[in-house]
Amino acid sequence: MDIHEYQAKEILARFGVPVPRGGLAYSPEQAGYRARELGGSAWVVKAQIHSGGRGAAGGVKLCRSEAEVQEFAATLFGRQLVTKQTDANGKGVYRLWVEGASDIKQELYLGFVLDRKSERIMIVASAHGGMEIEDLAENDPNSLRRMTIDPAVGLSEFQARELAFQLGLKGGQIAQMVNILKACYRAYRDLDAMMVEINPLVITGAGDLVALDAKMSFDTNALFRRPEIAELRDRSQEDPRESTAGDHGLAYVGLDGDIGCIINGAGLAMATMDMIKLAGGEPANFLDIGGGASPERVVRAFRTVLADRNVSVILVNIFAGINRCDWVAQGVVLAYRELGLTLPVVVRLAGTNVEEGRRIIDASGLPLITADTLEDAARKAVATRQKLAA
Ligand code: GDP
Ligand code: MN
């Protein structure tokens with residue numbers, strides 16, 4: 001789960017990371033008030049969306065008067081901001097962060113991620129941070145410093161100092177960097193984070209280190225024991241298809257194709273998507289209905305898949321172990337009746353109660369296309385979609 005920049009800054013500040021003073025605004029007027037409260041003569045107004053790359057997309061601006069703050073804020077509110085990291089729809093801007101402007105001498109990059117190879121938290125850092133960090137990672141990967149942390153020992157003082165030296169920091173900056181590294185590590189570990197990123201971490205004109213941007217994401221499976229983090233969820237930043245599916249106990253990931261998938265088990269769902277691609281089609285989604293799916297849950301799965309307007313064919317692929325083919329078949333028939341389904345549906349059933357499942361499908365009199373194997377089902381789905389498109 002992702003959170004906003006201002007939320008990440010608040011958390012990191014609690015652990016000891018220095019951040020600029022700022023305030024949240026839900027309207028242009030409020031943005032103006034925040035600037036006045038903060039005082040000074042320059043402010044940075046920043047769109048709060050769950051995405052990086054806001055600077056390059058026009059979502060961050062240095063403003064030199066209260067009127068300019070309010071004007072820029074007015075152009076941002078309600079806008080869908082499209083960045084390099086979002087899809088073509090972008091993310092809606094409903095909150096702004098107004099911050100006293102910082103005097104930047106140098107921009108560094110600092111990230112904490114989970115390195116699956118070493119099974120450890122890894123620090124990635126660079127003396128050349130800011131908006132071009134992705135280019136740097138691509139063109140000059142050796143300039144990125146990496147360091148893994150032994151979970152039994154934690155981040156040791158000497159490791160942190162070594163990294164500070166590698167980044168070319170001097171004098172008092174070294175102790176500041178050690179504090180920042182330790183604070184980020186503690187926040188990461190204590191809050192079940194998956195990622196902490198500060199880009200840019202700047203050296204100010206006065207020579208101090210300050211986090212100008214912050215990003216954190218959290219392990220969704222650990223949210224049950226982190227209610228204070230779960231509370232930070234912002235549904236306005238999520239794909240509505242995925243949020244609604246999650247509410248219904250379905251694991252759904254929206255994709256770009258037009259063959260809607262209703263499948264049990266993540267592994268079978270992945271295999272089915274591969275098979276669709278192999279047959280020359282494109283899946284519209286990943287969807288795992290889980291084990292022991294009732295007819296009602298199958299109907300909810302149909303509703304979720306149909307919410308995507310790109311879907312032209314639905315493929316139901318069930319290999320029932322814990323599930324029951326007769327329940328799934330009942331669900332398919334129920335979906336036709338309740339949702340007024342008009343799209344072609346390919347059904348492949350195997351496993352527990354398959355005979356009863358097939359009987360229900362045959363007796364329904366509905367124009368269902370049945371298939372015997374996964375391969376057969378994928379081919380039929382792609383063929384049906386091509387016939388429709390022709
Ligand atoms: P991102 O593009 O979504 O990662 O947003 P950032 O918060 O990193 O802001 C983008 C860029 O705006 C930064 O790399 C900075 O160069 C610039 N910026 C952010 N805050 C300030 C500030 O207080 N003063 C100045 N001069 N520039 C800033
Ligand atoms: Mn940034």
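Reader: How far does a polar side-chain atom of R54 lie from an oxygen atom of ligand 1?

Author: This is a predicted model: local features need pLDDT of at least 70, side-chain atom pairs count only at pLDDT 80 or more, and totals for chains, interfaces and linings use all residues. Residues are numbered from 1 along each chain as its sequence is written, chains are lettered from A and ligands numbered from 1 in the order written, and side-chain values use heavy atoms, leaving out hydrogens and water. A polar contact is a pair of N or O atoms within 3.5 Å; within protein, one must be able to donate a hydrogen and the other to accept it, and residues adjacent in sequence count only if both atoms are side-chain atoms. For R54 and ligand 1, the distance is 2.7 Å.

Reader: Which residue has a side-chain N or O atom 2.6 Å from an oxygen atom of ligand 1?

Author: G53 also reaches an oxygen of ligand 1, at 3.2 Å, but through a polar backbone atom. The side-chain atom at 2.6 Å belongs to E107.

Reader: Which residues are the protein donors of the manganese ion?

Author: Donors are N, O and S atoms within 2.8 Å of the metal (3.2 Å for Na, K and Ca); water is not among the atoms, so sites may look incomplete. The ion is ligand 2, and its protein donors lie 2.2 Å from it. They are N199 (O) and D213 (OD).

Reader: How many residues apart are N199 and D213?

Author: Helices (H or I, at least four residues) and strands (E, at least two) are DSSP runs, numbered from the N terminus. N199 sits in strand β10, while D213 is in the loop between β11 and β12.

Reader: Is D213 buried or exposed?

Author: Buried means under 20% relative accessible area and exposed over 50%, with partly exposed in between (1.4 Å probe, protein chains only). D213 has 18% relative accessibility, so it counts as buried.
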